Amino acid sequence: MTDFDPRITPARPDLAAAHLRDEISADKYVEADAYQVSAGVAAVRSSPADDAIMVSQALLGERVDLYEIREGWGWCQLVRDGYVGWLDMATLSAPAIEPTHRVSALRTYVFSEPDLKSPPRFLASLTSEIAATDRDGNWVKADRGGWLFVDHLAPLSVFADDFVAVAEQFVGAPYLWGGKESLGLDCSGLVQTALAAAGVAAPRDSDMQEAAIGAPISHAADLSNLQRGDLVFWRGHVGVMIDEKHLLHANAHHMATAIEPLVQTVERLTPAVGPIRSVRRL
């Protein structure tokens, strides 16, 4: 069997995606069915159970390739970042619908009617995507959803100018392993979501991001040339500089997204995970 990263490869000993037939050995190969997240957010879990570890999240409108259904759970690969895991089938719909708009607010309610007094159906988070089907004043109707406030949406072609400014909106958001929305997110989820809002695709986990985003700017020990937007990587952790001295990161020390002096973060993390491994600039 060829070596592969199980986080982003839809393959197990018993089942694999059909397009991997010539690369990976498995008992069975299947073609994917195209589905789409129709809930506000869907947990991506390590196994088909409500109490399994959440390894990531899929937001409203995200497309997924479905390979297996087992007792109400779908084994899927997210199209946006390639992550593989189990999603509750109740959060998915088919066929996938081409989106027209993206949620540009940190989060917004999806209402049952074009009326702020109507019962909300769920919350949609930043970078969620919808297919607009109707307009009523300041409200836009989303297929398979409800009504959203127009000023909380942007056309798919419009992106934020400054991903760091996007990331700063998450300050105070609680830390949540596997999360990537303002109700809870982890370090790499913060970076991925902020970059996505600015039109930059990024992998899901910090080690993947370190290998794929930007270019190294200096030796890891040289912190004298940092600037806003630089990404600082440790083993298993990432944060973004908001200026030459301060780091913004979702972290388990504060159990929140916080801003602190980089030197303070270095002093705390070095004994636990080692020194900074790299600094990368987009």
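Is R277 buried, partly exposed or exposed? With a relative accessible area of 43%, R277 is partly exposed, where buried stands for under 20% relative accessible area, exposed for over 50%, and partly exposed for values in between (1.4 Å probe, protein chains only). The structure is a predicted model, in which local features need pLDDT of at least 70 and side-chain atom pairs count only at pLDDT 80 or more, while totals for chains, interfaces and linings use all residues. Residues are numbered from 1 along each chain as its sequence is written, and side-chain values use heavy atoms, with hydrogens and water left out.

The partner of R277 is considered next. R277 forms a salt bridge with E210, the closest N and O atoms being 2.7 Å apart; a salt bridge is here a side-chain nitrogen of Lys or Arg within 4 Å of a carboxyl oxygen of Asp or Glu. Because E210 lies in helix α3 and R277 in the loop between α4 and β25 (278-281), the pair ties together parts that are 67 residues apart in sequence. Helices (H or I, at least four residues) and strands (E, at least two) are DSSP runs, numbered from the N terminus. In contrast to R277, which is partly exposed, E210 counts as buried, at 13% relative accessibility.

Side chains of opposite charge can pair when their charged atoms come close, and a search of the whole structure finds 16 salt bridges. One of them joins R228 to E168, with the closest N and O atoms 3.2 Å apart. R228 lies in the loop between β20 (215-216) and β21, and E168 in helix α1 (residues 163-168), so this pair ties together parts that are 60 residues apart in sequence. R228 counts as partly exposed at 35% relative accessibility, and E168 counts as partly exposed at 28%. A salt bridge also forms between R7 and D5, whose closest N and O atoms are 2.7 Å apart. R7, at 25% relative accessibility, counts as partly exposed, as does D5 at 24%. Salt bridges that share partners join D5, R7, D205 and D207 into one network.

Helix α3 (residues 206-212) also contains S206, which counts as buried because its relative accessibility is 8%. When residues up to four places away in sequence are not counted, S206 touches S188, F233, G236, H237 and V238, a contact being heavy atoms within 4.5 Å. Another buried cysteine is C76, with a relative accessible area of 1%. A search of the whole structure finds 0 disulfides, a disulfide being a pair of cysteine sulfur atoms within 2.5 Å.

Helix α4 (residues 262-273) was examined for its length and its faces. At 1.5 Å a residue, its 12 residues should span 16 Å, and the end C-alpha atoms are 15 Å apart, which agrees; the expected span is 1.5 Å times one less than the number of residues. L262, T265 and L269 are buried in this helix. Seen down the axis of α4, the buried residues fall within an arc of 55°, so they line one face of the helix, the arc being that of the directions from the helix axis to the C-beta atoms. An α-helix has 3.6 residues a turn, so residues three or four places apart point the same way. The face turned away from the buried side of α4 carries the exposed residues V263, E267 and P271, whereas the buried residues pack against β21 (231-234), β22 (237-241), β23 (246-251) and β24 (256-261). After α4 comes G274, whose phi is positive, near 100°.

Strands of a sheet pair through backbone hydrogen bonds, either parallel or antiparallel. An open sheet of 3 strands has the order β13-β10-β17, with antiparallel pairing, two strands being paired if DSSP finds at least two bridges between them. Its edge strands are β13 (129-130) and β17 (153-155), each of which pairs on one side only. Strand β10 (residues 101-103) pairs with β17 in the antiparallel sense over 3 bridges, and the bridge partner of H101 in β17 is P155.
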